[in-house]
Protein chains: 2
Amino acid sequence: MNKKKVTVIFQPSGRRGQAERGKTILEAAQELGVAIESICGGNHTCGKCRVRAKEGLFEGSSFEPQISNLSTFQPEESNFIGQKEQGEGYRLACVAELQGDALIYIPGESRTTQQVIRKEVRNNSVELNPGVKCHYVEVPPPSLKEPLGDFERLSRALKNNCGLKDLSIDFPALQSLPQRLRSGEGKVSTFVWMDREILDVQPEKVKDFYGLAVDIGTTTVAVYLCNLHNGQVVATHSMMNPQVIFGEDVMTRITYAMTDREDGLKRLQEAIIEGLNGLVQSAAGTAGILAKDILEMVVVGNTAMHHIFLGIDPRHLGLSPFPPAIHNSLDIKARDLGLKIHPGANVHVLPIEAGFVGADNVGVILSEEPFKKEEITLIIDVGTNGELILENKQRLVSASCATGPAFEGAHIKFGMRAAPGAIEHVRIDPKTLDVKFKVIGLEKWSDEYSPVEIQARGICGSGIIDAVAEMFRTGVLEQNGRIKNSISNSRLRKTENHNEFVIARAEETSISQDITISANDIRAVQLAKGALYAGAKILMKVLGVERLEKVILAGGFGSYIDPERATILGMFPVCDLQNIIAVGNAAGDGARLALLNRGKRAEAERMAREVEYIELTTHPDFTNEFINALPFPHMQEDLPHLKS
Amino acid sequence: MNKKKVTVIFQPSGRRGQAERGKTILEAAQELGVAIESICGGNHTCGKCRVRAKEGLFEGSSFEPQISNLSTFQPEESNFIGQKEQGEGYRLACVAELQGDALIYIPGESRTTQQVIRKEVRNNSVELNPGVKCHYVEVPPPSLKEPLGDFERLSRALKNNCGLKDLSIDFPALQSLPQRLRSGEGKVSTFVWMDREILDVQPEKVKDFYGLAVDIGTTTVAVYLCNLHNGQVVATHSMMNPQVIFGEDVMTRITYAMTDREDGLKRLQEAIIEGLNGLVQSAAGTAGILAKDILEMVVVGNTAMHHIFLGIDPRHLGLSPFPPAIHNSLDIKARDLGLKIHPGANVHVLPIEAGFVGADNVGVILSEEPFKKEEITLIIDVGTNGELILENKQRLVSASCATGPAFEGAHIKFGMRAAPGAIEHVRIDPKTLDVKFKVIGLEKWSDEYSPVEIQARGICGSGIIDAVAEMFRTGVLEQNGRIKNSISNSRLRKTENHNEFVIARAEETSISQDITISANDIRAVQLAKGALYAGAKILMKVLGVERLEKVILAGGFGSYIDPERATILGMFPVCDLQNIIAVGNAAGDGARLALLNRGKRAEAERMAREVEYIELTTHPDFTNEFINALPFPHMQEDLPHLKS
């Protein structure tokens with residue numbers, strides 16, 4: 001019992017190895033390369049790392065796994081593990097410590113799969129006018145009569161052939177210039193940033209070169225790798241923001257950065273930089289290029305993500321009057337940030353507005369262009385923070401409200417990221433309360449498959465909205481969000497603490513248990529949608545708007561939101577159904593547009609100045625509006641014929 | 001005999017320690033922190049690391065030093081060690097390897113002392129208008145009504161109070177801005193570079209801040225630490241260029257960078273960067289400031305030093321038509337170069353002309369302003385390369401010639417850097433051939449001290465010029481440079497291979513041997529001055545100049561050159577004595593002027609374009625002129641009354 005190393009075997013993969021006594025199961029799994037889901041990063045809060053300890057008889061082996069070889073069951077585990085499950089050996093992998101040999105079974109729902117969050121690219125067309133351009137020129141060799149420097153000869157060629165004047169050259173490009181010019185016998189492709197700075201010189205005719213648009217969300221980070229020669233997106237990758245292990249929401253991260261430890265900010269920054277370097281690698285791999293072929297990066301993110309990404313002290317963002325360190329856009333060398341793309345590449349960080357309304361919102365404005373809209377338009381960008389933009393032709397106002405990550409699948413019992421197996425849409429039959437659903441990875445609705453073909457693993461954001469809205473529409477929920485006791489149906493049942501409604505039956509899942517929506521889940525959704533609704537109401541008051549003429553639903557959470565279900569839920573004040581559109585990740589789209597068109601950067605700078613920021617937390621009406629917005633709205637007359 | 005570690009004791013310091021068997025004495029000394037002079041850096045070529053192995057009886061000790069414990073005497077050692085000395089145990093520390101215990105005596109002349117090369121600052125006055133300025137402003141706090149970003153509030157204050165517009169902020173400065181602004185309660189000193197970029201913000205009223213002017217010579221590197229508040233030089237430090245261990249002259253270093261090994265360029269660059277970081281530390285220490293108080297650096301150096309400092313492939317500098325990678329001046333972040341001064345500091349590298357005529361020559365032009373001179377002026381900048389500038393009111397031409405490091409004390413038997421103990425001036429009595437000399441560190445000439453007070457260690461550049469000129473003036477030398485056989489004097493004597501003339505007698509030295517000028521030394525001086533003279537002649541031909549009206553002797557080699565002795569030597573074509581002036585390190589002066597006045601940078605850029613470069617190596621007349629310039633000139637009529 002007292003040996004320093006213990007043996008642990010993980011099932012069903014069968015991976016085995018040694019781990020230090022006292023390590024948690026999660027730590028041991030990470031060391032052995034065994035993937036266990038952990039949205040909260042081992043902070044005992046998400047409950048996604050449930051595993052089951054088992055005993056076994058391994059004759060003739062020194063391996064002696066016992067359930068009692070784990071540290072004792074902790075109170076925080078009971079938030080996620082019922083008494084019966086506790087008896088079956090269920091534990092949180094981030095809590096239970098290895099005191100001896102262990103045999104650990106990882107249930108399907110706790111296994112990590114490659115995340116395929118649909119931060120898809122819409123086909124917003126934009127004139128191609130990227131920050132970095134490639135100019136092919138022929139540079140004559142130096143002569144004894146005119147032994148002009150390499151840079152000066154190149155500059156002259158660029159001036160004569162491309163009209164580029166007063167160019168400077170980035171330092172690493174200068175270092176390799178003599179060799180590049182000569183190995184290309186003067187015929188070179190020159191990459192010039194903003195008609196100002198030479199970033200690189202290649203001794204050949206280069207056609208394709210690349211840029212990366214990056215959206216740093218509090219919970220999700222998405223990158224769009226674009227070919228700057230033709231504007232096409234060649235790879236889209238995303239990941240959970242690695243900072244979630246330091247805290248799920250913006251305020252927790254700011255607190256961590258500032259008070260938890262001296263190097264808190266540095267650790268947060270390193271986490272996102274390292275994470276981005278990984279995303280760069282995988283996106284480049286998908287496109288079959290090298291990271292160093294990426295010559296520019298455009299970044300959006302809320303103000304806190306923006307500051308932490310740049311290593312700027314974010315503490316004052318959390319203190320009234322919430323001033324950021326800078327509003328202006330920035331151009332920073334990727335190398336100064338530790339980003340491993342082209343050594344001369346610049347990172348263009350879009351400007352930020354105020355409070356937590358940051359460069360991501362500027363991205364949304366770039367992408368959706370509310371200032372060009374004829375109608376009174378509300379844009380809702382749903383992430384861990386909800387950001388709102390409202391315009392009435394004269395003014396553009398914005399606000400930010402804390403929705404929490406419910407719409408991103410966190411804080412929801414069976415919530416998950418939009419990976420294969422996630423339920424992304426739900427329909428409930430009002431008569432039978434029978435459920436059909438759509439799973440990411442399957443073409444058709446669940447009722448067209450036999451149960452074993454479905455293999456659902458959980459519910460992602462759009463599925464959660466659908467499920468709750470359908471439960472209300474079909475009378476499962478009361479207007480206050482409570483599950484009706486009077487209904488009797490096999491899908492509706494009582495568990496230890498709460499009522500819950502079965503969306504997918506165990507046989508339709510890969511996790512061998514029912515996927516349900518619980519009363520707690522519904523509460524989380526209500527809090528989130530209430531905050532959005534209340535925020536929108538305040539903005540409408542500020543602009544004197546009575547009724548919305550258009551609503552744009554943006555956000556990278558799973559599939560596009562269903563406008564009808566969002567309306568049933570009351571995510572925003574009333575608007576005609578046909579004028580509600582879902583657009584996906586508008587912030588990321590904005591980053592991509594700014595990457596492909598430098599005019600969009602000037603527009604962003606202008607818009608960030610023009611939009612008025614409304615601080616909701618200090619607005620006298622907010623609390624009232626929020627409380628009023630928690631119940632579901634009365635069913636509207638314009639929603640009689642819901643598609644089912 | 002076969003133990004892996006051997007014991008070595010160094011005398012006279014008595015330092016002892018273990019060294020690996022097979023290491024050279026020099027390597028062992030370096031590991032044990034014992035200073036042995038090594039100008040060539042262990043390349044067996046300078047002969048400055050002569051040491052004497054001794055035997056001893058150490059009863060009751062396991063230490064058994066034997067002369068035979070060293071590897072066998074090598075042919076290259078006999079270039080510096082005579083047969084008699086060999087019998088006495090003399091060895092080159094960089095050649096002899098330790099095969100067993102050894103007792104090593106380091107003679108006085110082989111001990112390193114702190115170098116105090118007089119790269120003094122002349123009192124050129126220049127209007128104070130540095131690249132970096134400090135602005136004290138009071139920044140109002142943000143309000144809920146106007147939650148403006150920190151940078152924007154600071155920018156507004158700088159615009160309103162100092163008229164500075166369109167400022168950007170360097171990335172590290174932005175990172176600390178929120179905290180700095182608040183800890184200063186809005187009252188801050190802001191360091192702004194070229195009215196463009198905020199480099200730093202300090203939460204207090206800062207008066208003194210600093211800049212560093214740097215002259216990277218092939219052999220000597222000098223730095224001038226200046227207070228940018230009042231323009232005063234607060235510390236001057238210099239060192240041997242650490243690259244000498246990779247080769248003494250420019251071509252050898254280029255070869256090393258390009259062919260000796262793959263990372264040759266990187267090693268050369270690291271050597272100078274590391275060396276400069278050391279100089280920064282010591283200069284800052286002298287001034288009682290921190291390296292991070294240095295907010296800008298201005299650098300000059302010849303083209304090869306310039307390229308290597310910047311990590312630019314220098315190979316094409318050595319190949320016709322000798323084009324540099326860039327002529328333009330550069331501003332590079334010190335952090336990109338690995339220079340440890342203020343993290344936001346820029347390094348301004350002055351522009352270069354052509355061939356090997358680099359930013360150092362631009363520094364000379366800035367400092368001496370030949371284009372403003374009324375007279376036809378020749379400027380000679382003597383270093384390892386000699387650089388020449390000639391102007392005739394219409395045109396300004398320049399050239400570079402390889403003089404070798406003789407004038408810097410290298411390749412001269414008793415040559416040394418201008419450290420305490422160096423003979424810097426020499427006078428010979430024409431009748432008695434008696435010698436008096438001046439030693440660095442002593443106020444008066446040697447004849448005013450008793451011999452034991454003098455403690456001379458060697459001869460530095462200006463002393464070598466004096467000595468050879470005096471030997472010719474007093475008839476010791478024939479016009480072709482040969483020592484006259486007919487003279488009989490105790491100071492003139494034959495050694496094994498060569499004649500030599502005694503400048504300081506053993507009892508006047510700290511090295512217990514006569515300090516002499518040998519026939520070889522005279523030959524090295526002749527080659528160097530011949531190259532300068534021939535170069536000047538070519539330039540005069542190019543401009544159609546018959547006679548020089550003014551000669552300016554610049555160079556950082558020891559004390560100022562004596563104009564009369566330089567004339568006797570024939571370092572340059574005839575010019576009236578009263579119009580020959582010595583100015584010390586003009587290149588370094590130019591760097592200092594550009595540091596203190598940004599207008600000088602624009603002037604440098606203009607001058608670097610205007611000066612015409614004449615390639616000497618390919619000029620048809622050069623070889624002839626060079627051969628003609630090797631003998632000493634006929635004694636001129638205008639030199640009858642030399643001070644003695």
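Reader: Which residues of α14(A) are buried?

Author: This is a predicted model. In α14(A), the buried residues are A586(A), A587(A), G588(A), D589(A), G590(A), A591(A), R592(A), L593(A), A594(A), L595(A) and L596(A). The helix spans residues 586–596 of chain A and is mostly covered, with 11 of its 11 residues buried.

Reader: And how much of chain A counts as buried?

Author: Of its 644 residues, 52% count as buried.

Reader: Let us turn to V551(A). In which strand is it found?

Author: V551(A) belongs to strand β25 of chain A, which covers residues 550–554.

Reader: Why is V551(A) classed as buried?

Author: V551(A) is buried because 25 other C-beta atoms lie within 10 Å, and the cut-off for that class is 20 or more.

Reader: Which residues does V551(A) touch?

Author: Leaving aside residues up to four places away in sequence, V551(A) touches L378(A), I380(A), F572(A), C575(A), N579(A) and I580(A).

Reader: What separates V551(A) from G358(A)?

Author: Their C-alpha atoms are separated by 20 Å, and the two residues are 193 apart along the chain.

Reader: Now the overall layout, please. How is chain A divided into domains?

Author: Domain 1 covers 5–110, domain 2 covers 132–202 and domain 3 covers 210–349. Domain 4 consists of 360–403 + 527–629, and domain 5 covers 407–524.

Reader: What separates the centres of domain 2 and domain 3 of chain A?

Author: Taken over C-alpha atoms, the two centres are separated by 31 Å. Eight residues from domain 2 of chain A and nine residues from domain 3 of chain A take part in the contact. On the side of domain 2 that touches domain 3, the elements giving two or more residues are α4 (171–183), β8 (187–193) and β9 (197–202) of chain A. The residues on that side of domain 2 divide into six nonpolar, two charged and no polar.

Reader: How many helices and strands does chain A have?

Author: Chain A has 16 helices and 27 strands.

Reader: Could you describe one of the sheets? In what order do β19, β20 and β21 of chain A come?

Author: The order is β20-β19-β21 in chain A, in an open sheet of three strands with mixed pairing. Strands β20 (435–439) and β21 (458–459) of chain A are at the edges, each pairing on one side only. Strand β19 (residues 422–428) of chain A is antiparallel to β20(A), and five bridges join them. In β20(A), V439(A) is the bridge partner of I423(A).

Reader: Which helix lies across those strands, β19, β20 and β21 of chain A?

Author: Helix α11 of chain A, residues 461–473, lies across them and runs at about 15 degrees to β19(A).

Reader: How many residues do chain B and chain A give to the contact between them?

Author: The contact takes 35 residues from chain B and 35 residues from chain A. On the side of chain B that touches chain A, α3 (150–162) and α4 (171–183) of chain B each supply at least two residues. The most comes from α4(B), with six residues. By class, that side of chain B has 19 nonpolar, 11 polar and five charged residues.

Methods:
Residues are numbered from 1 along each chain as its sequence is written. Chains are lettered from A and ligands numbered from 1 in the order in which they are written. This is a predicted model: local features need pLDDT of at least 70, side-chain atom pairs count only at pLDDT 80 or more; totals for chains, interfaces and linings use all residues. Domain bounds come from an automatic or database domain assignment. Two residues are in contact if their C-beta atoms, placed from the backbone, lie within 7 Å. Helices (H or I, at least four residues) and strands (E, at least two) are DSSP runs, numbered from the N terminus. Ala, Val, Leu, Ile, Met, Phe, Trp, Tyr, Cys and Pro count as nonpolar, Asp, Glu, Lys and Arg as charged, and the others, Gly among them, as polar. Two strands pair if DSSP finds at least two bridges between them. Axes are lines fitted to C-alpha atoms, for helices over the stretch in contact, and angles run from 0 to 180 degrees between N-to-C directions. A residue is buried if 20 or more other C-beta atoms lie within 10 Å of its own, exposed if 12 or fewer, and partly exposed in between; C-beta atoms are placed from the backbone.
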